[in-house]
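Q: I have a model open beside its sequence and would like to learn how to read individual residues in it. Could we begin with the surroundings of one side chain?

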Amino acid sequence: MGMWISRWLAILALLALPGALAQDWRLTRSQTLTQAGAREWRYTLGPSGKEAQELWRKLSSQYQDHLRAGYQVDLGAWRVYFLGGKLRLEPHCPVANPACFTFGALPVPKERQDRFLLELSQLLHQALTQAQTTGGVVLLSRLFRLEVSRGANPPYPASPSGWRP
């Protein structure tokens, strides 16, 4: 009986946290093959699902405005900013937490935005770690594109993706 109640409590706890298990982001790893052989790896990070796509469209637009105005954008473990007219990406928080993000003015609860950005930070860190091992291109839709040479250390030079400074 006790085990049965524990299962129901766990189910109710999950139902009480809408979106707690949501997968808002997807990381795609691809490599082009030609007759000359394999080409560089490409790591593409983008929102998954209509709600996440709309949230990212609004948030990335605000981030673009921040960057145009000369401010930095904190993405958890990483920070993006312009230096001397060039976009750069560098490490920010060793352990991503809600205090490590540039929050947007969005019509969603703060907890929802926290989960959304924490997942983004984790996958961005994963993509950059893999690209550092293999070399390749990392693309965060609507924000930046960067090339990482095998074994290269941050900060990484980047370029805007899907917008103009």
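This is a predicted model: local features need pLDDT of at least 70, side-chain atom pairs count only at pLDDT 80 or more; totals for chains, interfaces and linings use all residues.

Q: With which side chain does the side chain of Arg112 make a polar contact?

A: The partner is Asp24, whose side chain makes a polar contact of 2.6 Å with the side chain of Arg112. Arg112 itself is found in helix H3, which covers residues 110-134.

Q: Is Arg112 buried or exposed, and why?

A: A residue is called buried when its relative accessible area is under 20%. Arg112 counts as buried because its relative accessibility is 9%.

Q: How does Ser61 count on that scale, and why?

A: Partly exposed is the class between the buried cut-off of 20% and the exposed cut-off of 50%, and Ser61 belongs there because its relative accessibility is 29%. Ser61 lies in helix H2, residues 50-68, and, not counting residues up to four places away in sequence, it touches Trp56 and Arg142. Ser61 and Arg142 are 81 residues apart in sequence, yet their C-alpha atoms are 8.0 Å apart in space.

Q: Which cysteines form a disulfide, and how should I read that link?

A: In general, a disulfide is a covalent bond between the sulfur atoms of two cysteines. The structure holds one disulfide, formed by Cys93 and Cys100 with their sulfur atoms 2.0 Å apart. The link of Cys93 and Cys100 is left-handed, with -100° about the S-S bond, and both Cys93 and Cys100 are buried.

How values were computed:
Residues are numbered from 1 along each chain as its sequence is written. Side-chain values use heavy atoms; hydrogens and water are left out. Helices (H or I, at least four residues) and strands (E, at least two) are DSSP runs, numbered from the N terminus. Buried means under 20% relative accessible area, exposed over 50%, partly exposed in between (1.4 Å probe, protein chains only). Contact means heavy atoms within 4.5 Å. A polar contact is a pair of N or O atoms within 3.5 Å; within protein, one must be able to donate a hydrogen and the other to accept it, and residues adjacent in sequence count only if both atoms are side-chain atoms. A disulfide is a pair of cysteine sulfur atoms within 2.5 Å.
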